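Me: Please show me the model, and then let us work through its parts one at a time.

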Amino acid sequence: MTDQGQSFHNLQLTDDGQLRHFLTLDGLDRQLLTDILDTADSFIEVGERTIKKVPLLRGRTVVNLFFESSTRTRSTFELAAKRLSADVLNLDISTSATSKGESLSDTLLNLEAMASDMFVVRHSQSGAPHFIAEHVTPGVAIINAGDGRHAHPTQAMLDMLTIRQHKGTFEGLKVAIVGDVLHSRVARSQIRALNELGAEEVRVIAPGTLLPRDVESLGCTVEFDMNRGMRDLDVVIMLRLQKERMEGALLPSEREFYRLYGLSQEKLALAKPDCIVMHPGPINRGVEIESAVADGPQSVILNQVTNGIAIRMAVMSMAMGGQLADRNRKQSEVVQP
Ligand code: NCD
């Protein structure tokens, strides 16, 4: 494990290995990832009930702190918290005091003074949720909803749930991640999850300009030619071009990118016939994916969105449970010197 992995590991887990924050998949083992998937599975049924609520976070306050734009992630975190019966506060950063120059630490101190129990954080700076977890009052759980290029662990886990639902197991699977890997926190978390859960091959398919320098060390093979890269695939995951994170010209043109790396019906036909098509969204039709594929029979893109609620319910309830266990342990240490 890297030093960074080690420090995330200590911060994220209680002494007996329960989740208390959810910042990255680094340092989390196969058993814990499987526990998250199994817990999420048990919440899927809640979403199918007429009354979609369980009381696990009743009386708790969850604050959604999104410093970057989001549609799916923010709304599914909100729904997940509500289905767990928590009170939810969505802080709109564009109208909050952050826009008047308040620092992240000061915003947090004020939110903590309102007796919040959990912060769900999205930030353009890699490491921001980790920084908050290091400084927050004990007992408050921090959930990473995407930080810079670093990690998007709930997205990767909802993707793993979707793959497990369609393929049954990770053993023997060949999975490709296509497009802007360089700027993608989603890709980094997916590669980590797929390796830990035992996928046979994780392949990234992209032009050299959209790959990080050390990409193989993340645990994947590299293919520059998409027609070759599509062979034998069980799962193909498309990524959005993260133009907001690009500095300088990394691409000749969107048209050229689509011709070489866009997922068309012709390219999909090169994969296994039961290959599923995934995308974390938002999708750009005609830039990284053809409409006929995005809306086609092999697409599971909307299943991913639905699964986001169950995964976020799982992670939130597990982290709150870990915080509670931590508090009980510390209290019993005080009582019995
Ligand atoms: C992703 C993100 O924000 O990292 N989207 C998401 O959370 N569903 C991917 C993206 O923005 O392209």
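Reply: Before we start, buried means under 20% relative accessible area, exposed means over 50%, and partly exposed lies in between, with a 1.4 Å probe and protein chains only. This is a predicted model, in which local features need pLDDT of at least 70 and side-chain atom pairs count only at pLDDT 80 or more, while totals for chains, interfaces and linings use all residues. Residues are numbered from 1 along each chain as its sequence is written, and side-chain values use heavy atoms, with hydrogens and water left out.

Me: Which residues of helix α7 are buried?
Reply: Helices here are DSSP runs of H or I with at least four residues, and strands are runs of E with at least two, both numbered from the N terminus. Helix α7 covers residues 185-197 and is mostly covered, with 10 of its 13 residues buried. The buried residues are R185, V186, A187, S189, Q190, I191, R192, A193, L194 and L197.

Me: What distance separates the end C-alpha atoms of α7?
Reply: The expected span of a helix is 1.5 Å times one less than its number of residues. For the 13 residues of α7 that gives 18 Å, which agrees with the separation of its end C-alpha atoms, 18 Å.

Me: How is the protein chain divided into domains?
Reply: The bounds come from an automatic or database domain assignment. The C-alpha centres of the two domains lie 27 Å apart, and their contact (heavy atoms within 4.5 Å) takes 35 residues from domain 1 and 29 residues from domain 2. The division is into domain 1 (3-152 + 306-335) and domain 2 (154-302).

Me: Which residues is I311 in contact with, leaving aside its neighbours within four places in sequence?
Reply: I311 is one of the residues with the most contacts inside the largest core, and I36, which is buried in helix α2, is among its partners. With those sequence neighbours set aside, the contacts of I311 are I36, L37, A40, T154, M157, L158 and L161.

Me: Is Q31, in helix α2, buried or exposed?
Reply: Helix α2 (residues 30-48) includes buried residues such as L32 and L33, and Q31 has its place in this helix too. The C-alpha atoms of Q31 and E196, 165 residues apart along the chain, are separated by 9.4 Å. Because its relative accessibility is 51%, Q31 counts as exposed.

Me: What is the order of the four strands in the open sheet?
Reply: Two strands pair if DSSP finds at least two bridges between them, and six bridges join strand β1 (residues 61-66) to β2. The edge strands, each pairing on one side only, are β2 (87-92) and β4 (141-147). The pairing is parallel, and the order is β2-β1-β3-β4.

Me: Which residue of β2 is the bridge partner of F66?
Reply: Strands β1 and β2 run parallel. In β2, the partner of F66 is D92.

Technical notes
Core = buried A, V, L, I, M, F, W, Y, C linked by side-chain atoms within 4.5 Å.
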